[in-house]
Amino acid sequence: MSGITRRSFLGRSGAGIAAAATVPALTVGPQRKADAQQREPVPQTRITLTVNGETRALTVEDRWTLVEVLRDHLRLTGTRVGCDRGECGACTVLLDGRNIYACSYLAVWADGKDVETVEGLARNGALDPLQEAFIEHDAPQCGFCTSGQLMSAKALLNERTNVTEAGVREALAGNICRCSNFLNYQAAVLAASRRA
Ligand code: FES
Ligand code: FES
């Protein structure tokens, strides 16, 4: 049997807690405050970009990603954030007509460029043919990946019409659907391409 009794254990633990409480509590707080005061201000840049056809000028911190600006500052929350590290495609938007991961692209890099998000697809109250096809093919399930799928499909149809099944698969390869509804998404894009 161990030589440690409940009484000795509590006695030692109490002494340890008391010792730990005396040292850092007196120094950590003021030190952190001093560090924060000395910290360099975060660099900021004034940028102008076109978002869904509208010119937007704003000051951004150089560390902000494009998806942060879209969602948190321009309130365009149709663009989703899944992994926030360039792996799932939920944040896909078009930059000068080509699909990019907005979570992995700094807002300052978008200065002077044209950004299109899912909010820009419908025009004058009419859905984009891709959106119509997504509905007809029951493509969205939970819907989390849908805006990213739409924007990658849009980039494909901006480049080509009458695409092949393999071409659609390749174009959507960077957009993960956790509901595994890939076949419906692919069928919808194929149908939309034939209508374009
Ligand atoms: S949130 Fe950007 S790739 Fe996943
Ligand atoms: S529809 Fe649910 S993640 Fe794709």
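1. **N175.** In this predicted model, N175 is buried, with a relative accessible area of 3%. N175 sits in the loop between α5 (165-171) and α6 (182-195). Its side chain reaches the backbone oxygen of G148 at 3.1 Å. Setting aside neighbours within four places in sequence, the contacts of N175 are C88, G89, T92, G148, Q149, S152 and F182.

2. **K154.** K154 belongs to helix α4 (residues 146-159). Is this lysine buried or exposed? K154 counts as buried, at 17% relative accessibility. The cut-off is 20%. Beyond its neighbours within four places in sequence, K154 is in contact with L94, E116, L121, D128 and L130.

3. **The K154–D128 pair.** The side chains of K154 and D128 meet in a salt bridge, 2.8 Å from N to O. K154 lies in helix α4, while D128 lies in the loop between β5 (114-116) and α3, so the pair ties together parts that are 26 residues apart in sequence. D128 counts as buried too, at 9% relative accessibility. The two side chains are also joined by a polar contact of 2.8 Å.

4. **Other salt bridges.** How many salt bridges does a search of the whole structure find? The search finds eight. One of them joins E61 and R63 through their side chains, at 2.7 Å from N to O. E61 counts as buried, at 16% relative accessibility. R63 is exposed, with a relative accessible area of 54%. Another salt bridge links R56 with E54, with the closest N and O atoms 4.0 Å apart. R56 is partly exposed, at 26% relative accessible area. E54 is partly exposed as well, at 46%.

5. **The β1–β2 hairpin.** β1 and β2 run antiparallel and are joined by eight bridges. They form a hairpin with two residues between them. N52, in the turn, has a positive phi of about 50°. L49 stands opposite R56 in β2. That is the R56 of the salt bridge with E54.

6. **Helix α2.** Which residues of helix α2 (residues 66-73) are buried? They are L66, V67, V69 and L70. These residues cover an arc of only 165° around the axis, which puts them on the same side of α2. The buried residues of α2 pack against β1 (44-51), β2 (54-61), β3 (92-95), β4 (98-101) and β5. After α2 comes R75, with a positive phi near 60°.

7. **The largest nonpolar core.** This core has 24 residues. Which of them touch the most other members? They are L130, F134, L156, V168, Y185 and V189. α3 (129-136), α4, α5 and α6 each supply at least two residues of this core. Which helix gives the most? α4 does, with six residues. Nonpolar side chains tend to be buried together in soluble globular proteins.

8. **F134 and the second core.** Leaving aside neighbours within four places in sequence, F134 is in contact with A139, P140, T146, Q149, L150, Y185, A188 and V189. Among them, Y185 and V189 are also on the list of core residues that touch the most other members. A second, separate core holds 22 residues, including L66, I100, A110 and V115. L66 is also one of the buried residues of helix α2.

9. **Links between the points.** L130 is in contact with K154, and L130 is also among the members of the largest core that touch the most others.

10. **Overall fold.** The secondary structure of the protein chain comes to six helices and five strands. Along the sequence, the pattern is α-β-β-α-β-β-β-α-α-α-α. Of the 196 residues in the protein chain, 36% are buried. What share of contacts between residues at least 6 apart in sequence joins residues at least 24 apart? The share is 57%.

Methods: Residues numbered from 1 in each chain as written. Chains lettered and ligands numbered in written order. Predicted model: local features only at pLDDT ≥ 70, side-chain atom pairs only at ≥ 80, totals over all residues. Heavy atoms only, no water. Helix = DSSP H or I, 4+ residues; strand = E, 2+ residues; numbered from the N terminus. Buried < 20%, exposed > 50% of the residue type's maximum accessible area, 1.4 Å probe, protein only. Polar contact = N/O pair within 3.5 Å; in protein donor to acceptor, adjacent residues only side chain to side chain. Contact = heavy atoms within 4.5 Å. Core = buried A, V, L, I, M, F, W, Y, C linked by side-chain atoms within 4.5 Å. Arc of directions from axis to C-beta. Pairing = 2+ DSSP bridges.
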